[in-house]
Amino acid sequence: MVQMYLSGMEDVFAREEVAALKAQVKSAKSVVVTSHRSPDGDAIGSSLALKHMLSAMGVSSTVVMPDAYATFLHWMPGQDSVRFHDAEPEAVSALVEEADMLFCLDYNAPSRAGGLAEAVQHACDKEGSTVVMIDHHQEPEPFADVMLSDPTTGSTCELIYRLLQAWGMEEALDADLASCLYCGLITDTGSFRFSSVQPSSHDMASVLLATGMDHSRIHSLIYDACRLEQVQLTAYALSQKLQVFPEHRSAIISLSLEELKRYSAQKGDTEGLVNRALAIEGINFAAFIKEDVDRVKMSLRSRGAFSVRDVAATHFNGGGHHNAAGGACEGESLQSVVDRMVTLIPTWSDDLQYDD
Ligand code: 5GP
Ligand code: MN
């Protein structure tokens, strides 16, 4: 098994090995595309975009996800064919284990694939199959045969677009493929707000728009499709559950399962809540902590120099990016995780005293 670590210091997609993958994928008998647990817009967008590219090459593939994704993403072309591990564990694990070409998109370690983790690891260990990781998270575990890693890029969809260019497939870029790529591009860059945005991000948006893709409709589908109860949950969280520590430039919100149930919360309903806490003037660190059935999950955000990735990795079994990260605590109560956070915040106070 030859491992190839291509990092963002060079144009990794210009390498011969990447061009060679195209021939390899064409001769593969079974191609499977996977992404991470609780798939987001970049996970689904990049996976379906790759599926569209492969089908334009005459290669059929199956997109599989560990679990379901938020309803505001239920519009993407090709999404009807996605299969979920939590709905049919044995069949989906078998697909992953038996693939002779397995793509791992938008995650940097098998453990991030939730229920699919074991099957992904099995595929990595198996002789004769090729596992390709395409991802933008820092410090990937060296698990795949081909690792296309570029942590300087804001979204995996931008990397899939670079793959499309490297494979000389610009002609395959129709409005359906463009819509999938655009979804990951806007959701992972905060609609072009984050510092990870590069001139090439806008160049890509320009090319996507030229396909006739309806960008305005996509923004509406993602951002303006809230159920009334979701808006009311947000109002409750901000008015009753927001704790601000102005002296430490920090804010946190927590929600229990009971509170989530009270507002009939569905997957994705609390996405973006953490950004409301970060939007408060003077706040450089925000956390949203929520109780789940089997764990306590958190979303962390920062502005500027303070690394939430370090916070997630050091204290909350997580990881992610410098300014956007997450973690999960199993076997610990919501109150205990919140208490730990409230105790830790003052210890970071000195590092959080800056204006950007
Ligand atoms: P979000 O807060 O939007 O769920 O995630 C923000 C970022 O943190 C994403 O890049 C995501 O991949 C990463 N992230 C979220 N949860 C976890 C986790 O439990 N473990 C790790 N390693 N990364 C996470
Ligand atoms: Mn991503």
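Biologist: In what order do the strands of the open sheet lie, and what is their pairing?

Modeller: Please bear in mind that this is a predicted model. As a general idea, strands of a sheet pair through backbone hydrogen bonds, either parallel or antiparallel. Here the open sheet has six strands in the order E8-E9-E10-E11-E13-E12, and the pairing is mixed. Strand E8 (242-245) and E12 each pair on one side only and are the edge strands.

Biologist: How many bridges join E11 to E13?

Modeller: There are six, and the two strands run antiparallel. Methionine 298, for instance, has glycine 327 in E13 as its bridge partner. Helix H13 (residues 334-344) packs on the sheet, where it touches E8, E9, E10, E11 and E13. The direction of helix H13 makes about 170° with that of E10.

Biologist: Which strands each supply at least two residues of the shell around ligand 1?

Modeller: They are E11 (296-302), E12 (319-320) and E13 (324-329). E13 gives the largest share, five residues. The shell comprises three nonpolar, eight polar and three charged residues. Of the 14 residues around the ligand, Arg112, His137, Lys297, Ser299 and Arg301 come nearest.

Biologist: Which atom of histidine 321 lies 3.2 Å from an oxygen atom of ligand 1?

Modeller: It is an N or O atom in the side chain of histidine 321. With glycine 326, a polar backbone atom is 3.2 Å from an oxygen atom of the ligand. A backbone N or O atom of glycine 319 lies 3.2 Å from a ligand nitrogen atom. The protein covers 79% of the 490 Å² of accessible area that ligand 1 has on its own.

Conventions: Residues numbered from 1 in each chain as written. Chains lettered and ligands numbered in written order. Predicted model: local features only at pLDDT ≥ 70, side-chain atom pairs only at ≥ 80, totals over all residues. Heavy atoms only, no water. Near = heavy atom within 4 Å. Polar contact = N/O pair within 3.5 Å; in protein donor to acceptor, adjacent residues only side chain to side chain. Areas by Shrake-Rupley, 256 points an atom, 1.4 Å probe, with all protein chains shown as cover. Helix = DSSP H or I, 4+ residues; strand = E, 2+ residues; numbered from the N terminus. Nonpolar A, V, L, I, M, F, W, Y, C, P; charged D, E, K, R; others polar. Pairing = 2+ DSSP bridges. Contact = heavy atoms within 4.5 Å. Axes fitted to C-alpha atoms, helices over the stretch in contact; angles between N-to-C directions.
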